[in-house]
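Let's take a friendly walk through a protein model, one side chain at a time. Have the picture ready and follow along.

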Amino acid sequence: MNLKERFLQNCLPFTDDYQLIGNLWAQIEKQYTGKGRHYHNLQHLENMFPELETLKADITDFSIITFSVFYHDVIYDATSKTNEEKSAEFAASRMKRMNIDQDTVRKVSEQIIATKSHQRSGNADTNYLLDADLSVLGKDRETYMEYTLKIRKEYAVYPDFLYKPGRKKVLQHFLELESIFKTDTFRNQYEDQARKKY
């Protein structure tokens with residue numbers, strides 16, 4: 001299932017307005033294909049869904065986590081510290097247009113904001129989202145190196161003397177966590193490989 005079809009299927013339980021859904025998808029597509037989107041693009045979303053699909057039976061609300069995947073990086077500016085908050089606001093405003101209930105909107109917003117610090121959540125679904133978001137860290141070396149190059153391109157506005165210490169700080173943050181991955185499934189699959197790279 002491609003991303004557009006997946007988004008459509010996730011929206012249909014809430015609205016049968018195909019034009020609205022199409023417009024909302026077009027906004028997502030425009031954001032993720034913007035200039036400077038070398039890693040945080042549609043491919044990133046496409047890589048997250050297979051990770052989550054294999055755990056569908058363990059995820060309490062797959063519809064909520066699907067909205068969170070689509071919107072978690074919808075606003076992405078390498079120079080901003082409020083991308084997650086802005087992405088959550090973007091998601092909330094679009095979901096309200098589909099008359100999605102406030103509780104669902106709140107849960108999606110909370111999951112999106114959780115991707116800012118990647119701290120373990122009391123919500124199991126949020127932990128699956130966080131782990132899928134970071135799964136690239138535990139992939140084979142070639143995939144990981146490709147990821148680091150794409151991230152560097154996204155931060156091209158910063159010269160090396162600023163970028164390298166900043167990137168080191170981000171990686172140090174992950175290493176200092178009790179575990180990079182929050183769920184047993186992802187931890188067993190990716191934790192050792194991710195830590196070896198650092």
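Phenylalanine 181 and phenylalanine 186 are both buried in this predicted model. Their ring centres are 6.4 Å apart and the planes meet at 15 degrees, so this pair counts as stacked.

Now look at lysine 182, which sits in the loop between helix H9 (160–176) and helix H10 (184–197). Does a salt bridge partner wait there, or is there none? Lysine 182 is buried yet has no salt bridge. The nearest side chain of opposite charge belongs to aspartate 131, 5.2 Å away, and a salt bridge needs the two charged groups within 4 Å. What the side chain of lysine 182 does have is a polar atom 2.8 Å from the backbone oxygen of histidine 118. Beyond its close neighbours in sequence, lysine 182 also touches several other residues, including Gln119, Asn127, Leu130 and Arg187.

Next, turn to the largest nonpolar core, which has 54 residues. Those touching the most other members are Phe7, Leu52, Phe67, Phe70, Tyr71 and Leu137. Helix H4 (residues 62–71) gives the most to this core, with 7 residues.

Tyrosine 71 lies in helix H4 and phenylalanine 90 in helix H5 (residues 83–97), so the pair ties together parts that are 19 residues apart in sequence. Tyrosine 71 is buried, with a relative accessible area of 0%, and phenylalanine 90 is buried at 11%. Both belong to a cluster linked by ring pairs, whose members also include Phe14, Trp25 and Phe49.

Methods. Residues are numbered from 1 along each chain as its sequence is written. This is a predicted model: local features need pLDDT of at least 70, side-chain atom pairs count only at pLDDT 80 or more; totals for chains, interfaces and linings use all residues. Side-chain values use heavy atoms; hydrogens and water are left out. Helices (H or I, at least four residues) and strands (E, at least two) are DSSP runs, numbered from the N terminus. Buried means under 20% relative accessible area, exposed over 50%, partly exposed in between (1.4 Å probe, protein chains only). Lys and Arg count as positive and Asp and Glu as negative; His and the chain ends are not counted. A polar contact is a pair of N or O atoms within 3.5 Å; within protein, one must be able to donate a hydrogen and the other to accept it, and residues adjacent in sequence count only if both atoms are side-chain atoms. Contact means heavy atoms within 4.5 Å. A nonpolar core is a set of buried Ala, Val, Leu, Ile, Met, Phe, Trp, Tyr and Cys residues joined through side-chain atoms within 4.5 Å. Rings of Phe, Tyr and Trp (its six-membered ring) pair if their centres lie within 6.5 Å; planes under 30 degrees apart count as stacked, over 60 as edge-to-face and the rest as tilted. Lists of a residue's contacts leave out its neighbours within four places in sequence.
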